[in-house]
Each structure stands twice: as C-alpha cells, then as structure tokens.
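Open the model in your viewer and keep the selection tool ready. This tour tells you what to select next and what is there.

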Amino acid sequence: MAAQNLVFAVLAVVAVLAALRVVTTRNVVHAALYLVAVLGSVGALYVLLAAEFLAAVQVLIYIGAIVVLFLFGIMLTRPTLGRESGLDNDQRWLAGITGLFLFGVLSYVLVEAFGDERLPRLEGLDREALTAERGTGAVGDAIFSTYLVPFEVVSVLLLAALVGAIVLARRE
Amino acid sequence: MTPAVIAQIEPIATPEIEWFAVSPLLVLVGGALVLLTAAALARSRPPRGFYALFTVVTAALAVACSALLWQRVTDPGRGPFTAIGGAITIDGFSVFFAVTITAAIALGALLADDYLRREGLDGPELYVLMLLSGTGGVVMAMANDLIVVFLGLETLSIALYVMAGLHLRRLESQESAIKYFVLGSFSSAFLLYGIALVYGATGSTNFGAIAGFLSGNVLASNGLLLAGFALLLVGLGFKVAAVPFHVWTPDVYQGAPTPVTAFMASASKAAGFAALLRVFVSTFDVYRLDWRPLMWGLAVLSLLVGSFLAVVQSDVKRMLAYSSISHAGFILVGAEAASDRGIAGALFYLLAYTFMVVGSFGVATLVGGRGDADHGLSAYRGLSRRRPLLALAFTVLLLAQAGVPLTSGFLAKFYVIGAAVEADSYALALIAMLSAVVAAFVYLRITVAMYMGDETEGAEAVTRPAVRVPPGAALALGVAVAFTIVVGILPSPVVDFARDAVPVLLSAP
Amino acid sequence: MLSAVWLIPALPLAGFLILLAAGRKLGEPAAGWLATAMVTGSFVAGLVTFAGLLGEDEHHRQFVFTVFEWLPSGSFSVDVGFLVDPLSMAMVLFVTGVGALIHLYSIGYMHGDPRFHTFFLYLNLFAFSMLMLVLGDNLLITFLGWEGVGACSYLLVSFWFERNSAAVAGKKAFVTNRVGDWGFMVAIFLTFASLGTLTYAGEEGFLENAGALPEATALGIALLLFVGAAGKSAQLPLYVWLPDAMEGPTPVSALIHAATMVTAGVYLMARVNPLLDAAPAALTVISVMGAATALFAATCAVAQRDIKKVLAYSTVSQLGYMFLAIGVGAYVAAIFHMITHAFFKALLFLGAGSVIHGLHDEQDMRRMGGLRKLMPITAGTFIVGWLAIAGIPPFSGFWSKDEILAAAWDSNRLLWLVGVITALLTAYYMSRQVFLVFFGPPRWQEAHAGATSEEALAEPEHEPAAAQAAPATPHESPPTMTVPLVVLAVLAAGGGLLNLPGVLTLEHFLEPVFEDRLHELDIPAGILLSLAAVTGVGVVIGILAARAIYLRSTQPADRFEPELLRRAWGFDQALAGFFGGPGRAFANFTSRVLDGRGIDGAVNGIATLVRGGGSRLRLTQTGYVRNYALFMGGGAVLLLAFFLLRTGVA
C-alpha cells in the first residue's frame, strides 16, 4: 500500500501548508482560495478512506457553496482587493499557544486510543460487502432509519437559517 | 430508472414513527410554518397582536400535548419510552423541559408584542424564529443521542443569533448578534469535537448505548473519553453561560432586543441545562468521580464571578446578565450533587428561574422605552411613583432572585443547596450561600433606585417619557409574579413535578 | 382556647392585605385605626391563647399547630406551623402589647404625612413577620419571619427616602443584616445536615436532640446562629446599622429598633438553649461579646447630640446586657430584661418622638432644654423611663438589670464589673439627656425651623439667621400620642412585678422551656444585697456626675463629649473606609481581570463608577470578540489540563 501512503502524505502536507497560509496570508481572497485547497485535500482524504459520498458532499458543499459564498461576500463588502494590514492583532501568540495546546492534547488522546490500530487492507475484503456497509446507499439507508430524527431536525435548522437570512438581509 | 429497477430495490426499513411522542415538536414547528405562510399570503395586515396571540395559542397547544405525554410517562403501566429508532427519549425530563421552554416562548411572545410595534419592527419573523428556536430547545431536552443534541442546539442557536440582531436600527443589537454568532460557532465546534471523541471512545452516540458501554467495559486508557467530557462541557457551558464560557453573556444580553434577551436567558439556558444534565448526570453517571470536580469548579466560578461582577455594573440589563450567570452557578450546584435530588433541585430552579428572569427582563423591556436604550440604573429612579405596580412586580421578582423566603427563588436555592449538603459538598454549599448574600446587593441596588428618588427627580420626570405598560406585557408580568409567589407559598405541585422528571436512561429497542 | 393562636399572626396579615388593597381609599386616619385595631386584636388573641396555656399542666405546655405543609423535600418536610409554649407566648404578649401602643401613637405622629397609609401597611406587615418569627415551630419559619422583619425594617428606615441619609441608612441596615442572615442560613443547613430536622418540638425535634450533638458541630451551629443574632440584635461588630437606622420615623425606632425586632436575636438564643448548653464555648463567646457591646455602646452614648442617637446606642448597650445574661445561662433574666426594656425604651423613644414632634423636627439636644413646663406629660413619662433604665428601685429596670448582674457575678467577676460600669454610664448618659432636654434654660428659640437636623449637626457653627422663620412654641402632643406614653410609663414603672425576687412569676412560667439549663444562683442573700447596693452607688454617681456637668456647671459641656466617642471610636469610618477603599479596589480588580474587557473596559468601568452610576456612556471600545474567544479557549485548555492530570499523564 505504498501508493496509498504516498498519496496520503502528499494530501496531508498540502492540507496543513494550505491551512497555515489561510491564517498567515495578507490577502483575503488568497485566504479563501487556500481554504479551497485545504477542503479539497480533506475531501481527497475521504476518498482514501473509501467514503466516496462524504468526499462528494465535502466538495459540493464546502467548495461549491461555502467558499463561493465567502468570495461573493468579500467582493461585495471590500472596496479594494489585495494585501491588507489589520488582519492580525497582538493576541496571536496567546492564541497560538492555546491552539498548540489543544492540538497537542487532542493528538495525544487520539494516538493513545488508536495508535496501534490499523485500517483493514482492502484486498482481503469483499468489495460488495464493503459498499453495502459504508457506501452511498448505506448512508442513505442510515439517514432514513437510524438518523431520521436528526435528518428532520436539520430541515428545521435550515428553515430557521432561511428565515433568519431573509430577516437580516431585508432592508426596511 | 425504469419501474422494473425501482421494484428491485429493497425498501428501507424506516423506523416506526410515534407521532404522539413528538407532538409538542410538531405543534411548535407547525405553528411556525402556518404563521410564516399565513403572514406571507395575507392580503391585509392582521389585527394588532395577532402574531403574539397565535404564538401563545401554539405554545398552549404544545403544553397540552406535553400534559398528555406526561400522563403517559407517569402511568406506571407504560412509563418512559424511546421513539423513532431510539433517537429521542420521552420521559418526565423531556416533558418538564418542553413545558419550561414553551412557557418561555409564550411569555417572550407576550413581551415582544408591543415591543415590536413600539420599535417599528412589527412582523411575524420574531415569533417564527422564537417557535423554531424553542423547537430546537425541546429537541435538545428530548434527545437520546449526541447528534440530536447537537442539531437541537444549532437550531436553537441559529434562530437566536438572528433574533439578537433583529433590531436593525440599533447598532448594539447588530453587534451582539455578530458576537453571539462568532462565539457560538466557536463553542459549537468544541461540542462537535467532544461528540466525536466520545464516539471514538465508546463507539456510539446513543445515550443508552454509551451508558451501557461505560458500565460494561473498563477502558484501558480513558484519555479520549475524558477529553470528550471536557470539550462537551465547553460547548454546553457556553450555552448555559457558565464561567469561564460566559464572556459573551453580558454583551449579548445587553445588546439584544430586550424580549429576545428574556427568551434567551430562559429558554436557551433551560435547554443547555437539559442537555448538560442528561449527558453528564444521567449518561456519564459511571464517571461521576471524573466530571464532578469540573462541575464544582464551573459552579464556584459562576457563582462568584456572576455575583461579584453584577455588583459593579451600572446597566440593569448587564446586572441581570451577570446575575443570570450566578443563577447558572446555582443550577450547577444541583448538577454537581449528581443525585436525583440534585437534578430535581436543578429542575425546580430552572422553572422558577424561567419565570423570574422573563419577568425581570420584561420590566426592562417596558422601562427601556422607545429605542430600547434606556437601561441605566437612573431610568429606574423613582419608578415606584411613576408606575407603582410595575415597581412592585419588579421588586417581587428581584427579591425572588435574591432568594427571599416565600418566593419561588428561596425554595429553588434551598433545594439545590440542600442537595449539595446531602452530597457532602459543604464547601460548595457555603460558597453558594455567600454568593447569594453578595448578589442580594445587586437586587437591592435596583430596588433602592426604584423606591428612592433623588434630587434631580423633578427635572428628570419632565424629560423622561412615561413608561407604558401594554396589556400583553402586563399579562406576562402578572403570570411571572403570580407564579413566583404562589410557588413560593405552595410549592408542592411543582416540587412533585420536578421530582418525577428525573431523566431515565433507555436504550433503543 | 389554644387554637386561637392562628389569629395572632392572621390579624396583622389581614390588616396588611386590606391596606394594600384599599389603603389609599381609607386614608387618614382610618388606615391607622384599622392597623391599630388589628394589632390590638392580635394582642387579645394572644391573651386568650395565654389563658389557654395557663390552663394546661405546667410541665407540658408545648403545643404545635400545623397550618399546611410548606416544603416537601424527600424524607423530611417543613410545615408552616406555630409553636405555643411559655417562651413564644411571653414574646407574643409583649410584641403585640407594645406594638398596639406604638400603632396608636403613630396615628398622631404620622399626622399629615402624604404616605400615611403606606406607613401603617408596613407596620402591620412588620407585626405579622415578627409574630411569625416568634411563633414559628421550626427554624425555617423563624428565618422567614427574620427576613420579613428585616425587609420591613429596611422599608421603614428609609420611609422618608427623600432624605438621602435615610436611603443610605436603609441600605446599611440591609447589607449588615445580610451578613447576619448568611450565618443564620448556614446554621440552618448545618442543623439539617446533622439532625435531619428543623422543627423545634417533638421527639425527633431540634430541642430534644440538639443536646446530643457532637460538641464541635453544636459549637459551629451555635456560633453561626450567634452571627445571625448579632446582626439582627446589633451586637459588635455588626451593630453599625442601628444608630443610622434612627433616620426612620420615631415610632419605627421605638417599635422595631428598641422593643421588638432587635430582640429577635435574644429570642433566638433563648429558643435554641439546649444547643447552647451542648456548646459551652459558645456561651462564653456570647457573654463576652454581650458585655463588650454593652460597655462599648454605653461609652458612645455619652457623647451623642442627637436625642435619638443617644437612645440608639443605649439600645445597643442594653441588648448587650441581654446577651450577657444568655451567655451566663440566665435565660429568664434575659427575657425579663427584654420585656422591661421594651417597656421603658419604647417609652423613651416615644417620648423623644413627642419632643421632636413638639419642636417641629428638631433632634439636636443642644437646642432643647426646659421643656418640662411646656410638655408636662411627655416630661413626666420620660422621667419615669429614665428612672427605669437607670435602675432606680422600684422601677422595672432595676429588677431585671439586678438579676443579670447577680448572674454575671456568679459566673465571672470581670463580666460583673463591666456590667456595673455600664450601669454607671447608663445612668450618666440618660441623666444627661433628661437634663439637656427637659431641664435647664430653654435653648429651642435658637433652632431654625427650616434647617434639618442633619445639616445642623454637620455644621454646628454655621447657624442660619433665626429671624427667617419664627420658631413655633413647643407644644404638648395630641392624646393619641400621650395615652400610649402614660400606659408605657405605668408598665415601665411596674414591670418589675413580673418577676419580683421571692415571687418569680415569670421564672416559674418560663422554667419548663429551659429546665435544668437555667443557671441557678448560688449566692447568699447578703452578698446579693450588697451587689445591688454597689450597682446602686454606681447609678447614683452617674446621675450626680451628669447633674454636676449639665445642670450646675457654667462651662461648656463639650469637654465631656469627646469627638472620638461621638463617632463611636471611629469604628464605622474604619469599616466604611475599608469597603470604600480596598474592598472597592478588589471589586474593580476582579472586574478588570475577569470581565475580559481589557484595560479599556476597566478604565471606562471605573470612570462610570466615579460618575455615580451614570451609565449614559456606552462602552463602545470594549468587548472584542477575539478576547472572548481566547478566554473560552483558555477555559477549554483548563478543563483539558485537569483531565490530563487526572489520567496521570502529565
């Protein structure tokens, strides 16, 4: 599985570097575009995990909808595009320490819990069974059985968001 | 696809849907949808107060459904049950919170009625959002699954973010909405990560399954689970405004339109505690030795910070915001006891608090005046002469918050502190009483301002517009004050209600 | 006849409710008469119950009447119920009796006040709360009444809230009392935790089982209850509110701050006597604090200029006597002194009120003098009160004070000495007051009708021209005011009959409440007589000294009124200084650190505070979301760190 490991390494490096650029770049539009790289890499990681549906949703929603909305928002509200100052403040060191600590703790507990476990090799598994267990169809089944209530609550959530968006956007 | 292909596909095994179990939710969502549609399609403006009346009727229907559910869960033959694939639990606990949150909706709608007309914001949107937000809160209370908790919380929050920014002409309102939104999303991220960690440690997000797993297995390394606890506590602590996750509270309570603040302080806090109690006290019961010290810390910080900082405020809404933080501390005292008595005390406290806080912010709604800006202590000077009944009502509500006997507030404090004493948390009980003493000073300051005029009173009375008390708000205040006093004198029914509402752990059938 | 007990608190409550609903319509003077009738009815109901109690067997005079279950709570419940026993009935009778007289007096005193009916509304509410306090059959009901009388006291002290000093005094009373209430609350929870009940009577009750508590627990509860009692009964160091509380109308001072409410602490101590018995160290603390307060307040009283302030410090001092009596186990002497004190101190306050009324709100004794000719009834009754409090036989104060001093002698000679010195000082400052007010040359012409006493006290040299408003001639008060004075004078003179040595009526009556915990005097009659003689000599010295200074001397009396004593040894200022300085600084510090608003917020916050709460200034520069987010992140780090340490990793 050297190929898979290699792909993972590449994707991971891209994701991390792009994420760093998101918070360090001085250009807001660039930040949004770096975000696309981050989200795309994560989506590709989902493919590696054989979660095609999740990968598709990741691309559709995050890149297709959210980042595009970001860009629209930037373009409609910023008079000038380009490098800007004032995106940073004196709190960055404290924030960095806090973030690093959280990262350290969470990595630690994850490694502690799952450090020894390995993903099952795909060759030895029955592809049919795998698809039935975690394929797109299985996700659909789960949404309409185990997760029916969450699914319906999401619709209420979206309704609230919709009403809210209209209320806030409306000018008297 | 051809029909032949479709016929080949096996039908999905959808769970049985007990419509009755979710009837309060259906009523609330249905009410919101009907109100929204009707308002959009109506040719002419509806009569004054129609939206508020509709909301109150919807809330009353939801309470009626809850009453029927209550009959079912307290019936020894049937008892509590899970519904719709084990995603929600219907027990006394869910019903208790359904009633509490719905009461907050009704009272909030009554307060909003005249407020919206006064501020020139009249429309159905606030009521729709309030109903949707309340739905989210009830979902949180009914949840039997961490995912459901999260979605309920998001529904509750998203509607609240918008409601906080509803006053489009007030900069403070916009500011508070943005602050609430950013910080709320931040805390949701913590919550979600916590859910993921707990799922990783236990293999399930279902409460029954988690509790079963925790009591049946000894974890070799529980770091994952404990980190999950911590992150869940961050997310829920934010919602209930417990220190140190309270930072948003004063600004948002102060900036949001006052009826929204009333709703936020009552329903949102109740829903947050519903989740907190069910997740920690009920589901993670086995690990109580691990989370109780944390709960202790949060309770002490909330009690002290809330009451001490309330003293140095000069804005009444801000004072009430800090006092609500200290109330959260008191409820955490009940949670920290980790016993049925503690939960019952916390529930009693929440119900009593709901009426006290809605009433208090209701008074602030009226005194705030046109523009919703006049919330300084000076606005209350001499209120007893301008509006004696309003001042009296506020005095009762403030005394109740201070925990004066013969009000529901006293009994609420009595029950949570009693539970703490029973659980041998003597230090916590002492700190709680100390902070009650300190906080009493805040309530006194407001009362003094209302009853003691100052020298400039004569001149100010001319410039200060008269405080109007519209019928809707008067009704809400009357209900709040009556509840506070009646429960203070004859608490047995509410005490029994709270005692029978201790959450039950049920696995999916 | 015993079942009439529910009427005792119900009547004032009814009066309160009627006045609440229709007080404004009733107006003056009907509202006053209604309130007076209610309290009088309550007194009659008390007499009926008392008669019923006398008809019962002497050693089983303890009855509980439950009204309804109030607090269901797991295995135990708290009822709203009344405990009828000799102690509660003694309290009821003097509370309602003195209360009714003061209600009657108030009708005359409050004449013409725009909020006449509100005053009686508060008075009736107070009477109701006080009766709940003494009749309650468990600690929680007592606490409820305790809070109620505190709230009424607060409302009545600041009744004339147009005066800033009245509002401030009300606040001070409230805050100081909260400290005491905290002690009481903690004591209640401790009691509940250790005994599992709060009810006084019964097999499982507090009174039966308190004696069996471990000594440390008993000591803790007893001291916490004493903190509560010290707050309510104005003992060191929580006495500070009482002198300021004199801003209230004079009948309030007489009823609440002399006769009834301030004795609640003494009542509480007597009520929980089995508990005190189990904690001898607590008794020592109580007796020492009582004696210290008695002496301290007496020294303060000698230099006061305000006619009511003298009486206020005197009250604090006399309450100290009562605690001294409790501390040496002389419970009956404490109750006896409480009753006689209620008679003569109410009389003195009402007399002072009559003087103030007659002089059109003049309270400075330096502008009185020679009033005995103009106000003969007031002067005569006041002199009776003076003789009683000074301890001249056969007036009531002599008997009760003598009993306390004898018990103190038996317990600790030093306590007795402090008591005798206090008695001397008491005689001195009361004589000073009587001589300044009723004897000597009239000085009231100098008084300026327009100036409030507050201003006059603050700037004694700066006298406005008296010609601006011609001072009215002092006049005797109307009959509604003088009748209570006369009745109280009779009581103050003859109150000693309640418990004459050899007869000991009160002691026999109260004995079942205290049983063997009552301190038996073990002093030969000869020594007893010589003790009384020593006290008597002290009293005479005090009176003669006052006479020499204030009647005979031509020199200004200022030399004998040290500024330090007038300011109560600077205790009050020290306290205010602390809370205004370091205390406030601490609050500001926490606000800066914890509010998460950064420096700007603190600066603005302090500025706002300095502006006296004017909050028009919106604090726009505060509340950065990024600060808040960091704060929350820090909180998350703390929670995680805690768990990390717990799992034993770090």
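Select A:V67. With 18 C-beta neighbours inside 10 Å, A:V67 counts as partly exposed. The cut-offs: a residue is buried if 20 or more other C-beta atoms lie within 10 Å of its own, exposed if 12 or fewer, and partly exposed in between, with C-beta atoms placed from the backbone. This is a predicted model: local features need pLDDT of at least 70, side-chain atom pairs count only at pLDDT 80 or more, and totals for chains, interfaces and linings use all residues. Residues are numbered from 1 along each chain as its sequence is written, while chains are lettered from A and ligands numbered from 1 in the order in which they are written.

Stay on A:V67. A:V67 is found in helix 3 (residues 52–77) of chain A. Helices (H or I, at least four residues) and strands (E, at least two) are DSSP runs, numbered from the N terminus. Which residues does A:V67 touch, not counting residues up to four places away in sequence? They are A:A32, A:L35, A:V36 and A:Y62. Touching, or contact, means that the C-beta atoms of two residues, placed from the backbone, lie within 7 Å. A:V67 and A:V36 are 31 residues apart in sequence, yet 6.9 Å apart in space, C-alpha to C-alpha.

Next, show chains A and B together. Their contact takes 26 residues from chain A and 37 residues from chain B. On the chain B side, helix 2 (23–41), helix 5 (125–142), helix 6 (146–164), helix 7 (171–202) and helix 9 (223–240) give two or more residues each. Helix 6 of chain B gives the largest share of that side, 10 residues. Colour the chain B side by type: 25 residues are nonpolar, 10 polar and 2 charged. Ala, Val, Leu, Ile, Met, Phe, Trp, Tyr, Cys and Pro count as nonpolar, Asp, Glu, Lys and Arg as charged, and the others, Gly among them, as polar.

Chain B has 21 helices and 2 strands. Its C-alpha atoms fill a box of roughly 80 × 65 × 45 Å, taken along the principal axes. Of the 509 residues in chain B, 68% are buried.

Axes are lines fitted to C-alpha atoms, for helices over the stretch in contact, and angles run from 0 to 180 degrees between N-to-C directions.

Select helix 10 (residues 248–255) of chain B. Is helix 10 of chain B enclosed or exposed? Here 8 of the 8 residues are buried, so helix 10 of chain B is largely enclosed by the rest of the structure. Its cover includes helix 6, helix 7, helix 11 and helix 13 (316–336) of chain B, together with helix 25 (625–646) of chain C.

Last stop: chain C. Select helix 7 (residues 215–232) and helix 12 (residues 280–301) of chain C; their axes come within 9 Å and cross at roughly 20 degrees. The residues of the contact between helix 7 and helix 12 of chain C are 10 nonpolar, no polar and no charged.
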